[in-house]
Structures are given as C-alpha cells and as structure tokens.
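Dear colleague,

After it I have set out what was found, topic by topic.

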Amino acid sequence: MLRSCAPRLRTLGALRGLTGGARPAVGDAGPALRLFSSEKFIDKDRSLPNPSWSKEIRLLFDQFMKKCEDGSWKRVPSYRYISPQDSKPTKEEGQMSRARIFSRSYDDGLGFEFVMFHNDVEKRTVCFFQGGPHLQGPSGLLHGGALATMIDVTGGVTAVMTGEFVMTANLNINFKRPIPLGSVIVINSQIDKVEGRKFFVSCDVQSVDEKTLYSNATGLFISLDPEKK
Ligand SMILES: CCCCC/C=C\C/C=C\C/C=C\C/C=C\CCCC(=O)SCCNC(=O)CCNC(=O)[C@H](O)C(C)(C)COP(=O)(O)OP(=O)(O)OC[C@H]1O[C@@H](n2cnc3c(N)ncnc32)[C@H](O)[C@@H]1OP(=O)(O)O
C-alpha cells in the first residue's frame, strides 16, 4: 500500500472548505484536487472549466468567480468519487470502487457540465448547467430526468451547505418549456423553511437571459436522524 501524501477529506468538510487537501483558491469552498491516501489516486474538481464549456457558461463562471472575491459567494467543488473514508465498503481491499457520483459519471462534455455557487447569508445556490449530447430525451431536447437530477443536486447542495448531510425525500417538478440540448441554463435554489430535520427548498430553471422559465420545483430534503444513522 502506498504511503499517505495528504489527509483524507470528509465530504461535507471538503464541500464547506473546512478540511485539508490541495489549497482552495480564493472564493472556493474546497480543494481543486483530492488525493486519496491509500491509492495515490487523484480526483479532480469537475466544476472547473474544461474545453467542452461554451463561451456562455465560461462567462457566467468568470462573473461569479468575481463575486467570490469579497467572500459573499463560494464556488462549490464537485468530484466524481466519494472518498474511500465515506464510501460503503463495496470495494476490494486497496482498489477504488467502480462507483461514481451519477452527475459526474460522464466524460467531459457528454453529460452533466455544471458549476454551482453558494451564498451562505442568503441560503441560496446558483447552478450554471450545460447538458451534453448523452442527456437527450426528445430529439434535440434535454431529458426530463437529467433536469430532475440537476434540480435534485442543486437543491441538495443548498441544504447540505447548512452543514447537515441530507437525503431527498421528495421533489415536485413542473416542466414548463423544453430545454434545447447543449444550451446553458441557470438553476436558482433557495431554502424556504427549515423545520427540525426538514429542509424545504424551491428551485427555478431559466434561460441565461431570464426570458424563459423552463421549470420550477420544490423539494424536501431531510437530514439523517442521528439515532438511525
Ligand atoms: C445526499 C446523498 C448524496 C450522495 C453523494 C455523497 C456525497 C457527496 C456529498 C454531498 C453532495 C451534496 C449534495 C447532493 C445532495 C443531493 C443529491 C442527491 C440526493 C439523492 O439522490 S438521495 C437518494 C434518494 N433519496 C432516498 O433514497 C431517500 C430514501 N428515504 C429515506 O432514506 C428516508 O425516508 C429519509 C432519510 C428521507 C427520512 O427518513 P427518517 O427515518 O430519517 O425520517 P422519518 O421517516 O421519521 O420522517 C421525518 C419527518 O419527515 C417527514 N417525511 C419523511 N419523508 C417524507 C416525504 N417523502 N414527504 C413528506 N414528508 C416526509 C415525516 O413525516 C416526518 O415528519 P414529522 O417529524 O413532522 O412527523
């Protein structure tokens, strides 16, 4: 077994920028690279621009990175793998599990390309999403399940950023207009109410120019009962 080169990262801690690993850039809520200790295995932060990103999503990325400079917004890092420390033991000793986070399981440009920014004070998250060709539903249009995934992940991140690990209990999505495959859309998510372990979240999905409301949704996310964990 290879020797540890960096501390393992706890998932929530990494998301909130509280634990080690490669040093986060200004405005980032976590490290750009995670090095898993036992395998010398590097998992890169996939919410950074790659060559498949259109000019439009890059522009939005740049605009929000500027907003991060005063600390009001943070870019939310996003990885393909859950760290071995947080994974269920489905892997053979010393080998990475084949399990990948669904929304990060495609190669660059083919599936879910997105970046999220979170505002702690306003308890809201903005996601810029570009759906790749492997997310087609009706001809030339984004599959509704792909949009549901992004609404789920954006709403989930909004709740998780409060510091609790949550599961999705329900989602109610209105699909109002079809989304052209490959276009960039903006998902805005906010916490409307917290009741004990229940986080009530709402989302809207719009075109970048805000002229088209593609979808709106509500979701209930529930943090795990410590007694049942
Ligand atoms: C989050 C996992 C993501 C995995 C990635 C891991 C690492 C990356 C880290 C962070 C990533 C960041 C964000 C991404 C986040 C999310 C995106 C993906 C999320 C998922 O892909 S996640 C999979 C799909 N998801 C499930 O697989 C849930 C199955 N389910 C359960 O595991 C339980 O069902 C649970 C835990 C939800 C609750 O169970 P429980 O035992 O703790 O609570 P209990 O039943 O006692 O309910 C307590 C109170 O909630 C009310 N209540 C319950 N359910 C309700 C419902 N549906 N509608 C209305 N009210 C409901 C009750 O009525 C009661 O209300 P009251 O207290 O007022 O009586």
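This is a predicted model: local features need pLDDT of at least 70, side-chain atom pairs count only at pLDDT 80 or more; totals for chains, interfaces and linings use all residues.

Cysteine 68 takes part in no disulfide, since the nearest cysteine sulfur, which belongs to cysteine 127, lies 14 Å away, whereas a disulfide would need the two sulfur atoms within 2.5 Å. Cysteine 68 has a relative accessible area of 1% and is buried. Cysteine 203 is likewise in no disulfide, and for this residue the nearest cysteine sulfur, again that of cysteine 127, is 9.1 Å away. With a relative accessibility of 8%, cysteine 203 also counts as buried, because the cut-off for that class is under 20%.

In soluble globular proteins, nonpolar side chains tend to be buried together. The largest nonpolar core here has 24 residues, and the members that touch the most others are Phe129, Met150 and Val205. Two or more residues are given to this core by each of β4 (112-119), β5 (124-131), α3 (144-160), β7 (184-195), β8 (198-207) and β9 (213-223), and the largest share, 6 residues, comes from α3. If residues up to four places away in sequence are not counted, methionine 150 touches Phe112, Phe114, Met116, Cys127, Phe129 and Ile187. Another core lies apart from this one; it has 14 residues, including Trp53, Ile57, Leu60 and Val115.

Which residues make the nonpolar surface patch of about 280 Å²? The patch is made by Phe165, Met167 and Leu224. Of these, methionine 167 belongs to strand β6, which runs over residues 166-175. Methionine 167 has a relative accessible area of 49% and is therefore classed as partly exposed, as the exposed class begins only over 50%.

**Arginine 177**

Arginine 177 sits in the loop between β6 and β7, and with a relative accessible area of 54% this residue is exposed. When neighbours within four places in sequence are left aside, arginine 177 is in contact with Thr212, Leu213 and Tyr214. The C-alpha atoms of arginine 177 and glutamine 206 are 9.7 Å apart in space, although the two residues are 29 residues apart in sequence.

With best regards

How values were computed: Residues are numbered from 1 along each chain as its sequence is written. Side-chain values use heavy atoms; hydrogens and water are left out. Patches are made of residues with over 30% relative accessible area and no salt bridge: like charges are joined within 9 Å, nonpolar side chains (Val, Leu, Ile, Met, Phe, Trp, Tyr) within 5 Å. Accessible areas come from the Shrake-Rupley method with a 1.4 Å probe; for residues, only the protein chains shown count as cover. A salt bridge is a side-chain nitrogen of Lys or Arg within 4 Å of a carboxyl oxygen of Asp or Glu. Helices (H or I, at least four residues) and strands (E, at least two) are DSSP runs, numbered from the N terminus. Buried means under 20% relative accessible area, exposed over 50%, partly exposed in between (1.4 Å probe, protein chains only). A nonpolar core is a set of buried Ala, Val, Leu, Ile, Met, Phe, Trp, Tyr and Cys residues joined through side-chain atoms within 4.5 Å. Contact means heavy atoms within 4.5 Å.
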